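Okay, thanks for coming, everyone. Let me put the model up and we'll walk through it.

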Amino acid sequence: MKEKIIKTKVGQLFVSYQPAEKIAVFLSGAGSLPTYENFLPVIRKLPKNWGYLTIDYPNAGQSPLENQENFVLGDLVQSIIEVLSHFKVIQYAICAHSISGLVAVKIAESEPFCQGLILIEPTTYSVLYGELAQNPYPEFLSLQEKVQTLGGGYVYLKKIGQESFSVADFKILWAKAEKSSDRLKFVQEGFQHYCSIAKSDFQNLDISFQFPIFILSQAYREQEYKDSEFASQNTQIILGGNHHYLHWSQSEKIAELLLKCDGQDVYKL
């Protein structure tokens, strides 16, 4: 495995890379989790002919701090493409969690070599700006109450993480996440953790890809995804799990889905 810091438009990004015939590109959601450790349950189950590329966003994992105040989603997408180009990654599928589902689609729109998208509860327009932002799911509100009862979001995240990781793997994940999060306590006022995402970023998404799109979701969100900007004739919604971090509990299923991203039907220039 190669570990490297790569300079991009949005700042220096820490990456881990294992070359192979095909590459699984992993993108974490918002937060401080280091991407390699975050997706380690999946990485350990990758098919033998698959390598991986994990990318820590600015201010997350082991990437340095970089104020994202002047950056928009397109800048982040361009930066990820710069990393792909650096390693000359051609045959790959993207496995993205939460808000990174939108990033993954934008990457696939921008360059021709993606062979599949595995989106783990991708953030929809409805959740961020639409109806579900105004009237959240009862299940979501119930979870918020549970989180408060447990003592906060970090306690809840730690609890569900310990159910899916080995003791050693989780210890490393949590230590790096806490170290990354602690840095943000000392940034100046006005420091922006994440690039700006506008309503327009969700509009007119071109997902007429000639490769499969898999959405992993909890059952109660099924209709949301059927009605969302991620729906297409090539989109398959797979239900399972009982929390947002399905790449922890459904890692074997994700590894199986990568086998379906074989590129045989990818559009050729």
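I'll start with a strand, then go to the cores.

Quick ground rules: this is a predicted model, so local features need pLDDT of at least 70 and side-chain atom pairs count only at pLDDT 80 or more, while totals for chains, interfaces and linings use all residues. Numbering runs from 1 along each chain as its sequence is written, and side-chain values use heavy atoms, with hydrogens and water left out.

So, strand E5, residues 92-97. Strands here are DSSP E runs of at least two residues, helices H or I runs of at least four, numbered from the N terminus. Six of six residues in E5 are buried, meaning under 20% relative accessible area with a 1.4 Å probe, protein chains only. Tyr92, Ile94 and Ala96 point one way, and Ala93, Cys95 and His97 the other. E5 runs parallel to E3, with five bridges, and parallel to E6, also with five; strands pair if DSSP finds at least two bridges between them. Ile23 has Tyr92 as its bridge partner, and Ile94 stands opposite Leu117.

Now, which residues touch the most other members of the largest nonpolar core? Leu27, Leu53, Ile94 and Leu117, out of 45. A core is a set of buried Ala, Val, Leu, Ile, Met, Phe, Trp, Tyr and Cys residues joined through side-chain atoms within 4.5 Å. Helices H3 and H4 are among the elements giving it two or more residues. There's also a second, separate core of 22 residues, and that one includes Ala93, Cys95, Ile118 and Ile120.

How values were computed:
Buried < 20%, exposed > 50% of the residue type's maximum accessible area, 1.4 Å probe, protein only.
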